[in-house]
Amino acid sequence: MSLAYLEHLNQQQYEAVTAPLGPVLVLAGAGSGKTRVLTNRIEYLVKEHNVAPHSILAITFTNKAANEMKERLFNSDCRADMMRISTIHSFCAYILRLQADKIGYNSNFTIYDETDKLSFIKKLAKKVRPNEDVDANELLNIVSVGKEKGVSCLTDHDREFYIQYVKGMKDNNAMDFDDLLVNAHKLLCENSDVLEIFANHYQHICIDEFQDTNKIQYEIFKMLARKHQNLFVVGDDDQSIYSWRGANVGNMFDFERDFPNAKKYILEENYRSTKKILQVANKIISRNSQRHEKQLFTQNKQGDDVKTFEAYNEQDEAHYVIQQIVDLQYTDNLSYKDCAILMRVNALSRNFEQECLRYGIPYRVVGGFKFFERKEVKDVLAYLRLIVNPYDNEAFNRAILFPKRGIGQATIDKVLALSQDYGIPAIRVIEDERNLDTLGASSKKKLGAFSLLFKDLQKLSESLSLPDFVKNLLDILDVRAEFSNAEDEDRLLNVDELQQSVVDFCQESPQATLGDYLQTTSLSQDRGEKTENAVTISTIHGVKGLEFKAVFVVGLEDGLFPSSRAFTLNEIQEERRLMYVATTRARQRLFLTRAQSRFYFGNRNQTKQSSFYKEAYALIHPNARQNTFGTTSGGYGSSNFAYKQNFEKDDFGVKYGYGAKVSTFAQPSSQPKPILNLAVGQRVNHPTFGEGMVMMINGDIAEVVFASVGKKRLNVKFAPLTLLK
């Protein structure tokens, strides 16, 4: 190497940065320094090829990444202030502002965010489909399909709505985010003079995260680069995980066909993970056939073995994971913020959230709502709230809208106004149809039907156990039919988790009431994000680009991960790429877990090992063998733990483990904190559950009855309990 400012690069990085001018494809494996290569390439162009900074266009896929790139280039003294470094949407908005009149827009057009877009769609639906009970999300999907695949892919009925949407947006001189791409593409395709202007101005185009580009984005880049051919793209086909929002991994393969003179460079040295973590990652991704061949390696240490664990059920899986996180603070000197729990679907988060609350561990949910704040969960809880407290008009408003029963918000607002005028709760207003004389006959009939439904549910709540009542509630509302579409599977799993949360609660507090359960769900909200030092709980999609010292990939069961929705070869290979992304988030420690039994789709089911789990296990434990139950044995962290439990049955006859759960797992090498000298009858305080009294002690397990949430079983080695006088 001869250039001092590039001496920090390894040989592969240096060759990519100093590649000849022209089309260049850089295949950058996970943790291989792709952003470093991209910024150094731009610096190299300015300093060694005297490229004018204003002629450089750098595209990233988040504003955060764009700002980080700007900061790096500002510090390199190559006039970054004159470059255009932005997201693709920002760039498209920029060229449209300059040339909007060419496609019939005014240059001061408004950009609608998702909230604006949804509001516009709802208003349009009332105008275009006044007699239909429409779902705004379905209409959003119609618009997305129309833009991504063309109007020919829509039915006649949907095509008419799409045409009206496009016309309405244009009449408003407004564009949504998809319009920015579609209209920029249209502008460049239909106006050769405009294309000439921008192609001459931006003679060097550099693109980050190229595997995440969709078809129309790639077409825009190709048009701009066609004249000068200086298109430098960096990406990793093994990390293409966003096909559901249009990303096309095929662009990585089409590049060499579209630019036959392109130079290709591969970055394989990983700076993030240990050798043992990379062995698992390489093993998993190597089974994909549609990929550019690469093998990650590292100069980092061998590191600890990747741990695998098969829990009895989902509660024990969560318990194991949280115990390991506590343990890592003492064995590896890690903080909570160094740890991440990653899952394929966010419905699995509930048990981990609950376990964090139980032991006072701060956590944050990335890329979505905490479990009890998710819409479908709150919709079902609204019925329970209304039964406990008929005066809860907010619960009434939510419950009557779910599932859809042809009652609109305008009608509900009238009922709520009557409730205020009469001084009685809304659910009582609709009991007497004489209160509804100002409403139409159809509305009165539907409100009356809801009133009768509510009375029936009230009676059931008084005659059934809490788990049985919730099960019957879901059946009566036919909630599972409401989420019967494939794209609603995550919502359905959340409903299943809600049902299971009731079972879990009643296992710990058999005498608890519906009101006690609701109090627990309320305490679960607005918790966990009080500090920056918090465990991350996230779907794998939510942590793309991030890294953690310790990663737990959970729910590794067939049908969950890989997903049951993956049917085609492309879909199955994307699931494998998702697993690869999950494993390569880990720097020092990687744990892979699954539950042998899990509650989903309304039933408790015995599960099968994920193919990813099997492959990793075979690599980690080459001498292991399958036992008669189809599970593996042999090696620390596997299913041959000294795993003794006392079993009880819930109202559905399902076994759950209690008693010595924690003490039979691997214990921390040093005690987490001094163990309280508890005795039966002592009063204690818990930061989440409040004040309680110790009712029973069995080894390290204390059974405490709290005034707020009823009975809880807590391990005194980990639970944040303090003695009260």
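In this predicted model, I142 belongs to helix α6, which covers residues 136-149. Is I142 buried or exposed? The relative accessibility of I142 is 9%, so the residue counts as buried, the cut-off being under 20%. Setting aside neighbours within four places in sequence, I142 is in contact with R129, L154, D158 and Y162.

**Other buried positions**

S597 is found in strand β15, which consists of residues 597-600. With a relative accessible area of 5%, S597 is buried. Which residues does S597 touch, when those up to four places away in sequence are not counted? They are Y312, N313, E314, R604, N605, Q606 and T607.

G710 is placed in strand β24, which runs over residues 710-715. The relative accessibility of G710 is 17%, and G710 therefore counts as buried. Not counting residues up to four places away in sequence, G710 touches S509, V704 and V705. Between the C-alpha atoms of G710 and L474 the separation is 25 Å, and these residues are 236 apart along the chain.

Helix α11 provides a further case, with G250, N251, M252 and F255 buried. Against which elements do the buried residues of α11 pack? They pack against β1 (24-28), α10 (215-225) and β7.

**Salt bridges**

Side chains of opposite charge can pair when their charged atoms come close. In this chain the count comes to 53 salt bridges. Three of them are set out below.

| Salt bridge | N to O distance |
|---|---|
| R291 and D238 | 2.8 Å |
| E431 and R428 | 2.7 Å |
| R587 and E547 | 3.7 Å |

The salt bridge between R291 and D238 has its closest N and O atoms 2.8 Å apart. R291 lies in the loop between α12 (275-285) and β9 (307-311), while D238 lies in the loop between β7 (231-235) and α11 (250-258), so the pair ties together parts that are 53 residues apart in sequence. Both R291 and D238 are buried. The two residues also belong to a network of salt bridges that links D236, D237, D238, R291, E293 and K294.

In the salt bridge between E431 and R428, the N to O distance is 2.7 Å. Are these residues buried or partly exposed? E431 has a relative accessibility of 36% and counts as partly exposed. R428 has a relative accessible area of 27% and is likewise partly exposed.

The side chains of R587 and E547 also meet in a salt bridge, with 3.7 Å from N to O. This pair links distant parts of the chain: R587 is in strand β14 (residues 586-595), E547 is in the loop between β12 (535-539) and β13 (548-553), and the residues are 40 apart. R587 counts as partly exposed, at 31% relative accessibility. E547 is partly exposed as well, its relative accessible area being 38%.

**The chain as a whole**

The secondary structure of the chain comes to 26 helices and 25 strands. The radius of gyration is 29 Å, close to the 27 Å that the globule rule gives for 725 residues, so the chain is as compact as a globular protein of that length. The C-alpha trace spans about 80 × 70 × 50 Å along its principal axes.

What share of the 725 residues is buried? Buried residues make up 55% of them. Among the contacts with a separation of 6 or more, 72% are between residues 24 or more positions apart.

The chain exposes about 31200 Å², and carbon and sulfur atoms supply 47% of this area.

Notes:
Residues numbered from 1 in each chain as written. Heavy atoms only, no water. Helix = DSSP H or I, 4+ residues; strand = E, 2+ residues; numbered from the N terminus. Rg over C-alpha atoms; globule rule 2.2 N^0.38 Å. Buried < 20%, exposed > 50% of the residue type's maximum accessible area, 1.4 Å probe, protein only. Contact = heavy atoms within 4.5 Å. Areas by Shrake-Rupley, 256 points an atom, 1.4 Å probe, with all protein chains shown as cover. Salt bridge = Lys/Arg side-chain N within 4 Å of Asp/Glu carboxyl O.
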